[in-house]
Amino acid sequence: MRLFDTELKELREGIMAMAGVAEQMIELTIQALAEPSPAKAEQVNQLDRTMDEWELKLDQQCIDLLALRSPAATDLRRIASSLKIIPELERIGDHCCNIARRVATVHPPILAGNDLERLGTETRSMVRRAVDAFVGSDAALAQAVILSDDSVDALYGKIYRDLLRTMLADPLCIERASHLILVIKNWERIADEATNIAEEVLFILEGHSAKHPYLRGNSVE
């Protein structure tokens, strides 16, 4: 195997490891919110340092590959997209920390049903499938992730409206509801990061940007 191929493999494995930490943070965040568990919320915050370390290390690997190997075609797209995927993963960690920081402020629950848990699990599924699409070079799965964002957006909107109604009905709930609005906004942003990763996977595989399809007179459907 060429040295360049070995270096690309190391970059890919590094991104997979970083994504694994991101998924661990998401899982802990869901559990910390549901139980509630300050200990698990603290674990989320501690893992953020690991994400930051991976970001710096992988960024440098990408820059070295661009500077020293003069990649072309698919290899160039893979490295360029890696430079975008790495900060997306790091921001997922940041959003998890933002949610974990509010674990103690959103209990006892003021929302009926399990919509809040569903928002977390659907977002987790999007991140997992986006990473799977990257690992397996799966364009169809990447497209499915992009389409899933509409479902998460709709659920976010429903919970947001429920929280507004709760605040109007009971002013004593305003503080908890305000924290919950920030929680659901962070879940929605994590889903956006998963969508961005899926779009980069399509760029690697198909050679054109999947962003803003209306500008190409095209559709993701």
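Q: What percentage of the 221 residues of the protein count as buried?
A: This is a predicted model, in which local features need pLDDT of at least 70, side-chain atom pairs count only at pLDDT 80 or more, and totals for chains, interfaces and linings use all residues. Residues are numbered from 1 along each chain as its sequence is written, and side-chain values use heavy atoms, with hydrogens and water left out. A residue is buried under 20% relative accessible area, exposed over 50% and partly exposed in between (1.4 Å probe, protein chains only). Of the 221 residues, the share that counts as buried is 45%.

Q: Which pattern does the protein follow along the sequence?
A: Helices (H or I, at least four residues) and strands (E, at least two) are DSSP runs, numbered from the N terminus. The protein has six helices and zero strands. Read along the sequence, the pattern is α-α-α-α-α-α.

Q: What radius of gyration does the protein have?
A: The radius is taken over C-alpha atoms, and the globule rule is 2.2 Å times the number of residues to the power 0.38. The C-alpha atoms fill a box of roughly 65 × 45 × 20 Å along the principal axes. For 221 residues a compact globule would have a radius of gyration near 17 Å, which agrees with the value for the protein, 19 Å.

Q: What share of the contacts with a separation of 6 or more comes from residues 24 or more positions apart?
A: Contact means heavy atoms within 4.5 Å. Among contacts in the protein with a separation of 6 or more, residues 24 or more positions apart account for 80%.

Q: Which residues does the UniProt annotation "domain: PhoU" cover?
A: The annotation comes from an unreviewed UniProt entry; its positions are given in the numbering used here, feature names are shortened, and annotations may be inferred rather than shown by experiment. Residues 16-103 are 90% helix and 0% strand, with end C-alpha atoms 28 Å apart. Residues 116-201 are 93% helix and 0% strand, with end C-alpha atoms 29 Å apart.

Q: Leaving aside neighbours within four places in sequence, which residues is tryptophan 54 in contact with?
A: Tryptophan 54 lies in helix α2, residues 38-69. Neighbours within four places aside, the contacts of tryptophan 54 are Gly14, Ala17, Met18 and Val21.

Q: What is omega, approximately, for the cis peptide bond that joins histidine 107 and proline 108?
A: Most peptide bonds are trans. A cis peptide bond joins glutamate 35 and proline 36, with omega about -20°, and proline 36 is found in the loop between α1 (3-34) and α2. Proline 108 is found in the loop between α3 (73-100) and α4 (115-136). For the cis bond between histidine 107 and proline 108, omega is about 0°.

Q: Is serine 70 buried or exposed, and what is its relative accessible area?
A: Serine 70 is found in the loop between α2 and α3. Its phi is near 45°, a positive value in a residue other than glycine. Most residues other than glycine have a negative phi. Serine 70 is exposed, with a relative accessible area of 59%.

Q: Phi of alanine 73 is near what value?
A: Alanine 73 lies in helix α3. Alanine 73 is exposed, with a relative accessible area of 54%. Its phi is positive, in a residue other than glycine, and is near 50°.
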